[in-house]
Amino acid sequence: MNVAREAVMTALVGLLAGTRFALSVNGQSGFVSVSRRLKLWSDVPKSQRPALFVAEHREQQSYQNEALPAKTTLAVDLFVYIDAGDKNTIPAIALNTILDALEAALRPVNGSRQTLGGLVSHCRIDGAVLKDPGDLDGDGLLWVPLKILAI
């Protein structure tokens, strides 16, 4: 990689931490807590939700030929926890609203691709998104896979 991994992650978290959504939860229109250290949802008090966790778990390097440097793809997972305990609401609405806001945050301003300020070739949602609205237990989860192709 031509850029430090930590610079990439700092830019990503900075971008996502400021995500705002139309849904007001606990009087907030954004994430109450953001961390790069993943926690079990039982360890995140409902007063700290919606919570965003940015977790790095996988990285892949591939080579086109021996003369060129490797392409490095960072796989980052976003975990969002919500409090779905209010029986008078539909928690899937909150998850859809937050997912729309995350997509908007990752959408580049100029319409080409999200480069995290020129640090990477692209950063985008890539893969199956898991939604558990928390209808049964009150703990809603959104799991969003990102792929970041380093320059």
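A polar contact is a pair of N or O atoms within 3.5 Å; within protein, one must be able to donate a hydrogen and the other to accept it. In this predicted model, arginine 49 makes such a contact: its side chain reaches the backbone oxygen of isoleucine 82 at 3.3 Å. Arginine 49 lies in the loop between strand E3 (33-35) and strand E4 (51-62). Is arginine 49 buried or exposed? Buried means under 20% relative accessible area. With a relative accessibility of 3%, arginine 49 therefore counts as buried.

The next residue, proline 50, belongs to the loop between E3 and E4 as well. The peptide bond from arginine 49 to proline 50 is cis. Its omega is near 5 degrees. Proline 50 has a relative accessible area of 1%, so it is buried.

Strand E8 spans residues 139-150. It is mostly covered, with 10 of its 12 residues buried. Several strands pair with E8. Strand E5 (residues 71-83) runs antiparallel to E8, and 11 bridges join the two. Within this pairing, alanine 75 has lysine 147 of E8 as its bridge partner. E6 is also antiparallel to E8, joined to it by five bridges. Here isoleucine 125 stands opposite leucine 146 in E8. Strand E7 (residues 130-132) pairs with E8 over three bridges, again in the antiparallel sense. Lysine 131 stands opposite leucine 142 in E8. E7 and E8 form a hairpin with six residues between the strands. In that hairpin, glycine 134 takes a positive phi near 80 degrees.

Leucine 116 has a phi of about 55 degrees. This residue lies in the loop between H2 and strand E6 (120-125). Its relative accessibility is 6%, so leucine 116 counts as buried.

Helix H1 (residues 5-17) has 13 residues. From its first C-alpha to its last, H1 reaches 18 Å, close to the 18 Å expected at 1.5 Å a residue. Which residues of H1 are buried? They are Val8, Met9, Leu12, Val13 and Leu16. Seen down the axis of H1, these residues fall within an arc of 125 degrees, so they line one face of the helix. An α-helix has 3.6 residues a turn, so residues three or four places apart point the same way. The buried residues of H1 pack against E3, E4, E5, H2, E6 and E8.

Helix H2 covers residues 91-106, which makes 16 residues. At 1.5 Å a residue it should span 22 Å. Its end C-alpha atoms are 23 Å apart, which agrees. The buried residues of H2 are Pro91, Ala94, Leu95, Ile98, Leu99, Ala101, Leu102, Ala105 and Leu106. They cover an arc of only 160 degrees around the axis, which means that they sit on the same side of H2.

Key:
Residues numbered from 1 in each chain as written. Predicted model: local features only at pLDDT ≥ 70, side-chain atom pairs only at ≥ 80, totals over all residues. Heavy atoms only, no water. Helix = DSSP H or I, 4+ residues; strand = E, 2+ residues; numbered from the N terminus. Expected span 1.5 Å × (residues − 1). Buried < 20%, exposed > 50% of the residue type's maximum accessible area, 1.4 Å probe, protein only. Arc of directions from axis to C-beta. Pairing = 2+ DSSP bridges. Contact = heavy atoms within 4.5 Å.
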